[in-house]
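Reader: I am new to this structure and would like to learn how to read it. Could you walk me through some of its features?

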Amino acid sequence: MLCTQAQAAEEGPALLKSKCMGCHIPEGGDRYSRISHQRKTPEGWLMSIARMQVMHGLSISDDDRRTLVKYLADQQGLAPSETEGVRYAMERRLNTVEQFDEQLTQMCGRCHSGARVALQRRPAREWEHLVNFHLGQWPSLEYQAQSRDRDWLDIALKQMVPELAKRFPLEDQAWADWQKARPGADALPGQWSFSGHMLAKGDVRGVMTVTADAGDSFTLQVNGTYADGTPFTGSGSAILYNGYEWRGNVKVGDTTMRQVFAALDGEMKGRMFEAEHDERGLDFSAAKVGGAKLLAVQPASIRAGSEAELTLVGSGLKGTPQLGAGLQVVKVLEATSEQVRVRVRAAADAAPGVRDVALGELRGVSLAVYSKVTEVKVVPAFSIARVGENGGSTPKVQGRFEAEAWGRDAAGQPYRIGYLPANWSVAPFDARAEEDQDVKFAGQMQKDGVFIPGAAGPNPERRMMTNNAGNLKVIAELEEGGQKGEGHLIVTVQRWNNPPLP
């Protein structure tokens, strides 16, 4: 059952009183100690309530928990600007290599993502409470790596608390402004033209129809196709938190996929991923039909001296694409307000580089022209796969890769060409991996760039009967040209604790 806005507004304060007041002191006006001095994402509030259930015996039904998450995320959420740069945690991009300062990385990011910290807001007193909670809940914390070599508690209280209160304060102008300008959900129903890309699967495009349900909830119908013609169709439901945080569940074929989008200013951006395999997901962007927006060119590259079929995706599309010198639209194959499909010829002497694409007055997407690939990068450059199954309840976590080609323009500057077809293999990452025969035991690389890890549990065939972990190079060799690139894959054990925010 989805929680409506009216239901959350009406029942939220009552639930705080009935479910939370036993431990949290009332402060007047539906305010309570601890709770009212934090702001979080929907996932953050869900984790807080789950922790109360697991650690403090809170008894709450699933429906009431949904209502409470909706209420708290609406009343004490984050402004869009406060989530910029760290949305990857909500979107389950678990191969992200974070870029935080050394102190935050060592003090916080050694146990969980730094994004989990950056996606909440507290005053100094509450950050201090959080430090004390960590030490009380995990007393061995000070004896772990990157804490036993320093006065961890003194640093946490005297350095980290003031820094976190300054960097992630409870009271912030962005939040005050957002509360005044926060849009309603009435602009979201209708059709949305969308474009996406899934690693190891390719481009996808289509239309998502959003129908208003009660309050801030919706029903969905997705009708699209991958570039290879595979259908991408399904139906489901969604809910809107805090005016822009879109969370949906859509059954595509036999697979349930989750949607984590930011819905702002007639656009949706984020990620869809399988509920049981979040590594199998696609980047997603959509524009409301009725507006005018150019979302993507698929594919996003063309080789000089060749002909190719390109599709422009967006809303309010009309006219013939303008692709720049050396590129000629030979034929318009299909033209709707959501897709313009054309046959394009690239001259043999077309200048290499990235071109801005225009369709009437619409801009904002680019097309790469290339004659030579000078570098191949494996994407992601660093990845983690996990063993699983073999009689256990935890599924395997795959590694999924694509070969990203780069070239040099006329000025000698590197530019991204895009994903190109490649042959895939793995090799030992170092001498120890070769000695342990990691290539043999850790799993199998498929021809489409998908790595299937080995089975969970001890392996009698391995030295000391260890499990099927491994340390591997991932090698991509372009089908055309043969240029190679390498990435790094760690195959490790199951992740037993898998919260909404890693």
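**Reading the model step by step**

Author: Gladly! Let us begin with one loop: Ala200 lies in the loop between β3 (190–198) and β4 (202–212). Please keep in mind throughout that this is a predicted model.

Reader: What is the phi of Ala200?

Author: The general idea comes first: most residues other than glycine have a negative phi, and most peptide bonds are trans. In this structure, Ala200 has a positive phi, near 75°, although Ala200 is not a glycine.

Reader: Is Ala200 buried or exposed?

Author: A residue counts as buried when its relative accessible area is under 20%. Ala200 has 18% relative accessibility, so Ala200 counts as buried.

Reader: Let me step back to the whole chain. How many helices and strands are in the protein?

Author: The protein contains eleven helices and 27 strands. Along the principal axes, its C-alpha atoms fill a box of roughly 75 × 60 × 45 Å.

Reader: How does the radius of gyration of the protein agree with that of a compact globule?

Author: The idea is to start from the number of residues. With 502 residues, a compact globule would have a radius of gyration near 23 Å; the protein has 25 Å, so the value agrees.

Reader: What percentage of the residues is buried?

Author: Buried residues make up 48% of the 502 residues.

Reader: How should I read contacts along the sequence?

Author: Look at how far apart the partners are in the chain. Among contacts with a separation of 6 or more, 58% are between residues 24 or more positions apart.

Reader: Which residues does Gly418 touch?

Author: Gly418 is part of strand β22 (residues 414–420). Leaving out residues up to four places away in sequence, Gly418 touches Ala403, Glu404 and Ala405. Gly418 counts as buried because its relative accessibility is 4%. For a distance across the model, take Gly418 and Lys166: they are 252 residues apart in sequence, and their C-alpha atoms are 40 Å apart in space.

Reader: Now for the strands. What should I look for in general?

Author: In a regular strand the side chains alternate between the two faces of the sheet. After that, look for the partners of each strand.

Reader: Which strands pair with β15?

Author: Strand β13 (residues 307–315) pairs with β15 (residues 339–346) in the antiparallel sense over seven bridges. Here Ala308 has Val344 of β15 as its bridge partner. Strand β14 (residues 327–335) also pairs with β15, again antiparallel and over seven bridges. In this second pairing, Glu334 stands opposite Arg341 in β15. A hairpin of three residues connects β14 to β15.

Reader: How many residues of β26 are buried?

Author: Strand β26 (residues 470–478) is mostly covered, with seven of its nine residues buried. Strand β23 (residues 422–428) pairs with β26 in the antiparallel sense over seven bridges. On β26, Leu472 is the bridge partner of Pro428. Strand β27 (residues 484–492) runs antiparallel to β26, and eight bridges join the two. There Leu472 stands opposite Leu489 in β27.

Reader: Which residue takes a positive phi in the hairpin of β26 and β27?

Author: That residue is Gly481, with a phi near 105°, in a hairpin that has five residues between the strands.

Terms used. Residues numbered from 1 in each chain as written. Predicted model: local features only at pLDDT ≥ 70, side-chain atom pairs only at ≥ 80, totals over all residues. Heavy atoms only, no water. Helix = DSSP H or I, 4+ residues; strand = E, 2+ residues; numbered from the N terminus. Rg over C-alpha atoms; globule rule 2.2 N^0.38 Å. Buried < 20%, exposed > 50% of the residue type's maximum accessible area, 1.4 Å probe, protein only. Contact = heavy atoms within 4.5 Å. Pairing = 2+ DSSP bridges.
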